[in-house]
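Please read the following account alongside the sequence and coordinates.

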Protein chains: 2
Amino acid sequence: MFDVAIIGTGPAGLSAAITLKMREKSVLWFGPADMSAKVEKAEKIANYPGVGIVGGRELNARFRDHAREMGLESVDKLVTTVSKVGERFMLLAENEIFEARSVLLATGVVSAKGVPGEAEYLGRGVSYCATCDGMFYRGKAIAAYCAGSRYAHEVEYLAGIAARVYLYSPERELAVSGENVERLESPIAAVQGRDRVESVRLSDGREIPVDGAFFLRNAISPASLVPGLALDGPHIAVDRQLRTNIEGCFAAGDCAGRPYQIVKAAGEGNAAAHQILEYLARTPGDAL
Amino acid sequence: MFDVAIIGTGPAGLSAAITLKMREKSVLWFGPADMSAKVEKAEKIANYPGVGIVGGRELNARFRDHAREMGLESVDKLVTTVSKVGERFMLLAENEIFEARSVLLATGVVSAKGVPGEAEYLGRGVSYCATCDGMFYRGKAIAAYCAGSRYAHEVEYLAGIAARVYLYSPERELAVSGENVERLESPIAAVQGRDRVESVRLSDGREIPVDGAFFLRNAISPASLVPGLALDGPHIAVDRQLRTNIEGCFAAGDCAGRPYQIVKAAGEGNAAAHQILEYLARTPGDAL
């Protein structure tokens, strides 16, 4: 049982992780070790006070250095479900279950809006996690969207179970082995069916009958991630104290609202960390 | 008429100034050029993401470098009153009047709580600004609290007008010339009077009859600074968008609430700057 689980290794998650670690809390930190892809790709950042005008790549490297200096290491697993059970949170990450007394959502904004039918059929043929749901598709046909090489092993895992995998990836050079994997030239444009997924439609109009559709990308919508979480448009609804509607669950950074700015995210991560410290202090710890 | 007046050169004010300047707004920025005394004095800062573990002096130097790199210069004048007149704000700073379409309060927290009687007699013998109110004390006796050498010239200005100046400063080595200046050994503990100031009481119990009391420190309480401003305990009341109860007036950083953390302040300065951009866009500019 950890004091806090932080989801996201962008500036908000990093900022919170540093402060909570300094305050000697046990921190479980989820996200890629290369930190924020968004910071990394920024051409020029001029308004992160104290660093001058820098490239995104350099700033992201400094973030990684800072994490290392503080002895922080993230767990590179995709969290797919967060649920509160009594006074504790259960987090499902690639078939492993973790427990924490509090949660900080620092997941960024889901830039992928999802395709029509994706949210509708979630749990009825649509899945975000191969190792979680793959076993339901033994001998069946599935479509898979794979955002990049870090999800390639998930596709291979699916190929080892399913009869046929129709794969689309924006990364042309993505290397995926498996004789039953058919690469698609056109992206998946819609998920279709009646009670559950029956086919996908590609952007070229072609329809492929499938039993399931996997969207393997680091962009699960907050509502899918945390059942019952209150939203405010595309963002997680938070108050001035960065509290969500679920007690013990906080949000910071882009996922908690505009502006989408690095220092705003880092600032909110810090403020949320302090709210979490207060929450932990007044909530009895687990006796185990 | 400026687009925005920012009060404070700490991390919140700097962060807002950078972002507003990048967006080509005319920014009037008040505060000492040596930036934040609080950052400067911090022994070690470990949770400003991206800079690693640094001394406060170094981080403050980086803040100054960043301001210079962006071509930002602050006006080192103490703002004593901000009032909204119609759609514009009037700012009084050491006898000069400035106008702006919007205001960001980034004044930090007033660590000095003030002495008993200080708030009560404000404007009735208590003043925060020698050059503003000194002229009312020609040939009279005044008490002055002087926080440090940057206010020494204000004490000398008072000594040139008043018959007698009773001066207390926590800085023992403070150099103030003037034959009519009497240095006090004990701090001013209270301001006393009936309708207006009649005496000050020192912490050693001594009472000195005076006509006025000047508190020369960079710590004017928000309520004294902006008449009608809503507070939340010792802080300026703001909503999630960092709006105060006065339209067009925003607050960020320590003055807007805990935690008192550098990156939280910088993040709020950025977020407030974006709210100000939206405010300016929907508020008609002045035709003058």
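Predicted model: local features only at pLDDT ≥ 70, side-chain atom pairs only at ≥ 80, totals over all residues.

Start with strand 1 of chain B, residues 2–7, and strand 2 of chain B, residues 27–30. The two run parallel and are joined by four bridges. Within this pairing, V4(B) stands opposite V27(B) of strand 2.

Which way do the residues of strand 2 of chain B point? V27(B) and W29(B) point one way, while L28(B) and F30(B) point the other way. In a regular strand, side chains alternate between the two faces of the sheet. All four of these residues in strand 2 of chain B are buried.

In chain A, five strands form an open sheet with the order 6-13-7-8-9, and the pairing is parallel. Its edge strands are strand 6 (126–127) and strand 9 (181–183) of chain A, each of which pairs on one side only. Helix 5 of chain A, residues 152–159, packs on this sheet and touches strands 7, 8, 9 and 13 of chain A. The direction of helix 5 makes about 175° with that of strand 7 of chain A.

Inside the sheet, strand 7 (residues 141–146) and strand 8 (residues 164–168) of chain A pair in the parallel sense over five bridges. A144(A) is in contact with V155(A), L158(A), V165(A), Y166(A), L167(A), F214(A) and L216(A), leaving aside its neighbours within four places in sequence. The largest nonpolar core has 162 residues, and those that touch the most other members are A144(A), L104(A) and L104(B).

Next comes helix 7 of chain B, residues 262–282. Its 21 residues should span 30 Å because each residue is taken at 1.5 Å, and the end C-alpha atoms are 31 Å apart, which agrees. The helix is mostly covered, with 16 of the 21 residues buried.

Finally, how many residues does each chain bring to the contact? Chain A gives 34 residues and chain B gives 33 residues. On the side of chain A that touches chain B, the elements giving two or more residues are helix 1 (11–22), helix 3 (56–69) and helix 7 (262–282) of chain A. Helix 7 of chain A supplies the largest share of that side, eight residues.

Key:
Residues numbered from 1 in each chain as written. Chains lettered and ligands numbered in written order. Expected span 1.5 Å × (residues − 1). Buried ≥ 20, exposed ≤ 12 C-beta atoms within 10 Å, placed from the backbone. Core = buried A, V, L, I, M, F, W, Y, C linked by C-beta atoms within 7 Å. Contact = placed C-beta atoms within 7 Å. Pairing = 2+ DSSP bridges. Axes fitted to C-alpha atoms, helices over the stretch in contact; angles between N-to-C directions.
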